[in-house]
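This report walks through one structure, part by part. Please look at the sequence and the model before reading on.

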Amino acid sequence: MRDIVKKYRPQSLSESKGFIEDRIVLSELPMISFVRLGECSLSKSEILNKLLSNSQQYHDTFVHRNMECFVKSLRKTISDVVENSQIKMQTEQMAEIAHELGILVDEDSPECQTAKTNAEAITAEIQDIHKYKEDQLPRQGEIWKKLTCLEKEEFRLQHIGSRNIEDYRSELLLQKKELRKKQNSYNMSTAMTCFINAISSPGTERFYFLKLMQMNLDNLSHVKLSELREKYKEKFKNSENKEEIKEIDRQISNSSLGTEHFFREMGQIYEASLSLPQTDPARQQLQHLPKLCAQLLLDGFPLELVDGDASNIPLRWVSDVLSQLSDLVSPNRKIRVVTVLGVQGTGKSTLLNTMFGVQFAVSSGRCTRGAFMSLIKINEDMKKVLNFDFMLIIDTEGLKSPERAQLDNSFEHDNELATLVIGLSDVATVNIAMENSAEMKDILQIVVHAFLRMKEVGKKPKCVFVHQNVSDVSAHEKNLRDRKLLLEQLNEMTQAAAKMEKKEENKSFTDVMEYNPDTGNWYIPGLWNGNPPMAPVNAGYSEAVYELKKNIIQLLGNCESSANDILDFKEWMTSLWTAVKHENFIFSFRNSLVADAYMRLCTEFNKWEWEFKKEMYTWVTNTETRISNFGKVAVKSEPSDMREFLICLKSEASTLLSTWETKPLENLTQYFQQTEGHVYLVEGYKEEFSNSVKSLRREMERSVFNQLTAAAEIREGMREIEKIKKNHTQEIENAVCVLIDKCKKKKVQMTDKELEKEFDKMWNETLEKLSFCEQKTFSVFTSVSHFLRINLSHRGSHACELLSLKSLEDCGKEPFKYTAEGFYNKFKHKLSKMFNIQDHTMAVQQLADSIINFCTQFVSEKMETRNNYHDTYIQEILHMIDGSLQYNHDVKTDIEFEVSLKQHICGFAAREFQKMHEDFIQENDPYRCLMKNKEKFRDDFKDIFNKRDQCQKKAEEFTNKCLKPAVEDFVNRSLGPNIIDDMLTCEQFSTRMSFQCSILLDLLSKEDFKNYQRYIFSYQDYVKTWLLNQILEHFSTVSTISEFEDRHLQSCIRSINDAINKAKTGKSHDLKTFGESIRKDLDKLVISQDAFDAFMILKNADKEQFADWLTVSVNDMGNILRSEFKKSNFERKLKQLNMKPHNELFTRVIGCGKQCPFCGVPCEAGGGAHYEHFASLHRPQGLGSYRFVRTQKLDTEICSSLVISDAEFCNSITNGKYGWL
């Protein structure tokens, strides 16, 4: 009875609803005896049950026959007696009266009396628990906590600073040695001597001692702990009391004293002794301690596995205890492990004690801290069925406890504990109280996330969810939907963690743990039948727990993996804890949730951003087609003046941009309204992504307007040239008609040679009559110089002076080279080059090279269009330069650099654009265009003279010269977005983090050092090349590109056939109106005006027959194009596309383009308007060419670790001066 602690409400506290909590044997209670006198038919047991019950709660305490008896008056009589009785005593005092009456008392045995004396000899000395622990148990507490920190730091190296790693580890070992030396300096305390002697006594006496010891210690700490917990509850209501809460938590820890503290001290005494020489007598005298503890474990006493105060395992102590345990039992005895996890206060210890008869501490006011393990021996009959000899039960501290929530390392502690315990499990019991299910899901995420990160873990435990405090017996059937929802959430957690850790093979929770939602959920009613403190125990609780126990034993028997023996378990525990210490949980689970939620948001935002870009690209492409066709065919809905048309198009673009700007903003709002995906954790990033959308809209508006302006003005210039060419063509056509009439009048059959002679004579005469004004070219250099001067005008007069020092025609011919000014800077630069250290000069050169590469690519893309030059091109280039310089403001540059860089780029661009302009003028020269069609005119002349049917020939000509180039152009304009869409289905392009992981894995797989060099020193160039290769590789193995091409080809052929059929049923009187009708309906194709005009001359074909032949020719064209598409090299196709997929993907994955100034890792932040740059994982600084000044060795430390150190650095940003990281 001494072990029973009960909350009860005495009569005196019935009004205030208060209660008393105390051990039954120490409580002063009235004693009531019930005696049957004589024969009576009434059931004494039933009378007692009714007497002890009230109307709300029935106490079915005593076994009885089912008889009705009213005890109202009896209850009143006894209540009066109890209330007015002055004779009350403790049960403990009743033992003395029992002796007088000759009644045997169980504690009178010699073993119990000796144990009681030994226990009281220790506990009687305790006045102040905190002081007692410092005096009698000095090796734990702060010393042990410091040792714990040093052990973890050995693996994690979080505070290494600028020190060498090996030197730093030596320092840590020295500090550990000093702490062990300090532990060894303490003499064995009187309390520990008594304690070790007492547990060394024979079995029964040892059992009594430990039981009495625990009860005495609980009695001492109970009052103080109750006061502190009440105080804690008050402070916890106000989050501003964080420091006070920490202090109370420290006091709770200091005021807590149990047998585990004595065993903990034993462990530290033993571990400290191992640092002594092997021959040292002090060490030899303590070698028996592990065996002593192993015997206790074998007898059923729990052993502390994880010290909850220090968050550490005394690894050598626990390992040696397990080794001794293995020696005590027969060799190769197998064990299975059952663990329990749960939120604090969900009855984990009570559940295990009820289920397996173990003795985990459940005293009121004392929650488990850390983890304890208890050993159960399997009887011989069950061994044959289960195939193991022992069951190890591990009870754990409640996770997410409010006491720990206020401490800085609470998440780290929960992560470590959950990872270790689940990793040790064969069956993991996850205890969920219904009111704490949301917090439990967070804990499961800890478990899943930690599992995926643990490299040493190689087994999947079975998982059982125990739902506590469920009153309805049909809960299992009624909660089918909840179980399904729980599984969905578990799968989502697994996928999120797997994605973050790049282990996408884990798609579901069952990939990590063995779990069946139908058999893996158990519903347990509450322990109490009614409301405590006066409620009786619920018999249904024990029944449900018994069924759960049978299920767990069945699961253990069905485990596919073979059971470990004790030594295997020891090694597994050691390696697992080592792995936990390796894992840096400084990024707590809450932070990993933020990272996952942020990655989800980035993935969604990238989709919205691409939809926006794709929609505008499609609109601009179609609009450029409309501009190219402007004036060729009259459209009623369009203005006849190009300037008015351009205004309308810009207005249309603004409306569309506003519409599409609204969509991602609405998507963003809806995204943050959802309740799943932990979106509330990234609420702070909402404004950044909103600004990114607005920034994208502004940038696209500027780009779209420039494209429209350029297309409109180039088209307007072409219209003038087309008029000239059309007039010349008409003159030739008239002259040919006159020649035909002249030849026919001769009424002589003329040979082809004679006809050609007549034609050449006519051709030369007509050309002499025509006036060919040479198409004038203009100086692109003059135009570029003008815009360059405007661009630099706001930079002051010095910039204008610098411009005038060098002619633009002389710029851009040689590679751009930035040189340091001044003797000191030049000398410093030479030293930097000698030691391969990046200085300011190198940083500026890298910036210049990057800007030049981007501008060169822009120029190349414009050259490929074979269009005329437009001033918006150079304006775009200057805008790109200004944007890059502004964005990279951390690289300090002066006005001389800016002017020379712009002169270099503008000089090169002007030279290329001049050539582009001259090529365009030459290509569209009226005389040259007319000469190109001379052969065609001659052939048509001969056909008409000889009255040959031209239907088939004209149909083929229209198809090959007008339609086929237009269809090929349409396919090239459409393929780019298709290729990008297909590439974006690859996970590696979903976010920048995924992309970084993919490119690093690719580097690793190829093991080519030159690739690493290019990646490190020319990151953006390497990425561009890598992206291009990825696209080439992806489409070289699939037929997707052919499917895209065929889809667009068929779309064009359908449109052409529809236009032909419409023209056939229309009012086309001749071939001219028939052709114009077809072109008008093919508004998505850009049909060359030159080709169409050439087709329209000397037409001697029947409209109906032409239409039939045209249909045949179009179908033939489809087959020819399919064949050409298949034969065409994919790399060549990419060069012909209007939208270059690798460039668009580059923009997507490169993001802001910023890299860590120390290690060079790229920024992974989503959107383009983020306030801070970040990367999920930094690299050794040596990859950024950082070296130790004294040794010139590359720095191997990771900069994210050095940031929290006292290390100093200098680079181009600090201008050679040392500063703090």
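At what angle do helix H31 and helix H39 pack, and how far apart are their axes?

## Two packed helices

Helix H31 (residues 840–864) and helix H39 (residues 1019–1036) pack at an angle of about 35°, and their axes are 10 Å apart. The axes are lines fitted to C-alpha atoms, for helices over the stretch in contact, and the angles run from 0 to 180 degrees between N-to-C directions. Helices (H or I, at least four residues) and strands (E, at least two) are DSSP runs, numbered from the N terminus.

From H31, the residues Ser 850, Asn 853, Phe 854 and Gln 857 meet Gln 1020, Asp 1021 and Lys 1024 of H39; contact means heavy atoms within 4.5 Å. The residues of this contact of H31 with H39 comprise one nonpolar, four polar and two charged. In this grouping Ala, Val, Leu, Ile, Met, Phe, Trp, Tyr, Cys and Pro count as nonpolar, Asp, Glu, Lys and Arg as charged, and the others, Gly among them, as polar.

## The model and its confidence

This is a predicted model, in which local features need pLDDT of at least 70 and side-chain atom pairs count only at pLDDT 80 or more, while totals for chains, interfaces and linings use all residues. Residues are numbered from 1 along each chain as its sequence is written, and side-chain values use heavy atoms, with hydrogens and water left out.

The predictor's confidence in each residue is pLDDT, from 0 to 100. Its mean over the protein chain is 80, and 84% of the residues reach 70 or more. Over residues 585–591 pLDDT stays under 50, and the model has 20 contacts beyond four places in sequence for them. Residues 831–837 also have pLDDT below 50, with 12 contacts beyond near neighbours in sequence. Where pLDDT is low, the predicted coordinates should not be read in detail.

## The chain as a whole

The protein chain has 46 helices and 14 strands. Of its 1221 residues, 50% count as buried. Buried means under 20% relative accessible area, exposed over 50%, and partly exposed in between (1.4 Å probe, protein chains only). Among contacts between residues at least 6 apart in sequence, 76% join residues at least 24 apart.

Ser 45 is found in helix H1 (residues 44–52). At 17% relative accessibility, Ser 45 counts as buried. Between Ser 45 and Phe 34 there are 9.6 Å in space, C-alpha to C-alpha, and the two are 11 residues apart in sequence.

## Salt bridges

A salt bridge is a side-chain nitrogen of Lys or Arg within 4 Å of a carboxyl oxygen of Asp or Glu. By this rule the count is 45. One of them joins the side chains of Arg 139 and Glu 265, at 3.1 Å from N to O. This pair links distant parts of the chain, 126 residues apart: Arg 139 is in the loop between helix H5 (129–136) and helix H6 (142–156), and Glu 265 is in helix H11 (residues 259–273). Arg 139 and Glu 265 are buried.

Lys 176 forms a salt bridge with Glu 154, with 2.7 Å between the closest N and O atoms. Lys 176 lies in helix H7 (residues 165–185) and Glu 154 in helix H6, so the pair ties together parts that are 22 residues apart in sequence. Glu 154 counts as buried at 18% relative accessibility, and Lys 176 is buried too. Not counting residues up to four places away in sequence, Glu 154 touches Arg 169, Leu 172, Leu 173 and Lys 176.

In a further salt bridge, Lys 383 pairs with Asp 389, the closest N and O atoms being 3.9 Å apart. Lys 383 is buried, at 12% relative accessibility, and Asp 389 is buried with a relative accessible area of 12%.

## Aromatic pairs

The structure holds 30 aromatic pairs. Rings of Phe, Tyr and Trp (its six-membered ring) pair if their centres lie within 6.5 Å; planes under 30 degrees apart count as stacked, over 60 as edge-to-face and the rest as tilted. Phe 605 and Trp 608 form an edge-to-face pair, 6.5 Å centre to centre with 75° between the planes. Both lie in helix H24 (residues 589–628), three residues apart, and both are buried. Ring pairs link Phe 605 and Trp 608 with Tyr 598, Tyr 671, Phe 672, Tyr 685 and Phe 689 into a cluster.
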